[in-house]
Amino acid sequence: MKEHQIKSACEFGCGEGRNAIYLAKKGVDTEAYDLSEIAIENAKKIARESGAEKAVFQTGDIFALDFNGKKFELVIDSGVFHHLAPHRRLQYRDIVSNILAENGYFILLCFAAGEDGADEVDDYEFYRSKQTGVAYTEERLKEF
Ligand SMILES: C[S@@+](CC[C@H](N)C(=O)[O-])C[C@H]1O[C@@H](n2cnc3c(N)ncnc32)[C@H](O)[C@@H]1O
């Protein structure tokens with residue numbers, strides 16, 4: 001069977017760009033966004049130094065980006081979703097759906113219930129105790 005080469009990707013909350021740089025080096029045109037200007041500056045520097053020209057980094061808030069109808073074959077969230085406040089989940093899901101090409105892939109890495117890293121709290125508790133991250137079960141993620 002012929003392997004399918006993914007040509008375009010978008011990463012939300014890319015930090016210093018390790019995933020975007022990896023993809024770019026594999027030949028994928030990758031756009032990557034993060035709230036942090038410092039992270040983006042570092043990502044650009046690392047990408048330059050490692051020859052990952054296909055990675056384009058930009059400072060931006062996921063919730064304020066305008067993709068103007070653009071679609072990506074792959075969307076990646078490595079460590080952002082689990083920090084989102086519950087009331088932002090649906091908007092987030094719509095943003096991802098809107099930029100995902102038909103038959104595209106969405107990769108989500110997040111805190112897992114039952115593992116170290118974040119509390120398993122319900123939405124009420126998230127707000128009440130000012131949590132910064134939530135661990136998800138597989139079922140809860142699928143529901144989302
Ligand atoms: C845990 S770090 C993960 C970094 C990177 N994805 C990785 O796997 O190495 C989460 C990143 O998401 C960014 N972030 C959080 N909320 C965001 C938002 N609304 N828009 C863009 N970036 C955001 C943070 O600035 C931070 O760099």
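The legends below describe close-up views of a predicted model.

Local features are given where pLDDT is at least 70, and side-chain atom pairs where it is 80 or more, while totals for chains, interfaces and linings use all residues. Residues are numbered from 1 along each chain as its sequence is written, and side-chain values use heavy atoms, with hydrogens and water left out.

**View 1. Asp 77, a buried residue without a salt bridge.** Asp 77 belongs to strand S4, residues 72–78. Strands (E, at least two residues) and helices (H or I, at least four) are DSSP runs, numbered from the N terminus. Asp 77 is buried, where buried means under 20% relative accessible area, exposed over 50%, and partly exposed in between (1.4 Å probe, protein chains only). Asp 77 has no salt bridge, a salt bridge being a side-chain nitrogen of Lys or Arg within 4 Å of a carboxyl oxygen of Asp or Glu. The nearest side chain of opposite charge is that of Arg 18, 9.6 Å away. For charge, Lys and Arg count as positive and Asp and Glu as negative; His and the chain ends are not counted.

**View 2. The surroundings of Asp 77.** The side chain of Asp 77 reaches two backbone nitrogens: that of Gly 79 at 3.2 Å and that of Val 80 at 2.8 Å. Polar contacts are pairs of N or O atoms within 3.5 Å; within protein, one must be able to donate a hydrogen and the other to accept it, and residues adjacent in sequence count only if both atoms are side-chain atoms. Leaving aside residues up to four places away in sequence, Asp 77 touches Phe 12, Tyr 92, Phe 106, Ile 107, Leu 108 and Leu 109. Touching here means heavy atoms within 4.5 Å.

View 3. An oxygen atom of the ligand lies 2.6 Å from a polar side-chain atom of Arg 18. For Ser 78, a polar side-chain atom is likewise 2.6 Å from an oxygen atom of the ligand. A nitrogen atom of the ligand is 3.3 Å from an N or O atom in the side chain of Glu 11. Taken alone, the ligand exposes 600 Å², and the protein buries 75% of that. These areas come from the Shrake-Rupley method with a 1.4 Å probe.

**View 4. The salt bridge between Lys 54 and Asp 29.** Their side chains meet at 3.3 Å, N to O. Lys 54 lies in the loop between H2 and strand S3 (55–59) and Asp 29 in strand S2 (residues 29–34), so the pair ties together parts 25 residues apart in sequence. Both residues are partly exposed, Lys 54 at 36% relative accessible area and Asp 29 at 42%.

**View 5. Lys 44 and Glu 41 in helix H2.** The side chains of Lys 44 and Glu 41 form a salt bridge at 4.0 Å, N to O. The two are three residues apart in the helix, which means a separation of about one helical turn. Lys 44 is partly exposed at 32%, and Glu 41 is partly exposed at 48%.

**View 6. A network of salt bridges.** Arg 89, Asp 123 and Arg 140 are linked in this network. Asp 123 and Arg 140 meet at 2.8 Å, N to O. Asp 123 lies in helix H4 (residues 123–128) and Arg 140 in helix H5 (residues 138–143), so the pair joins parts 17 residues apart in sequence.
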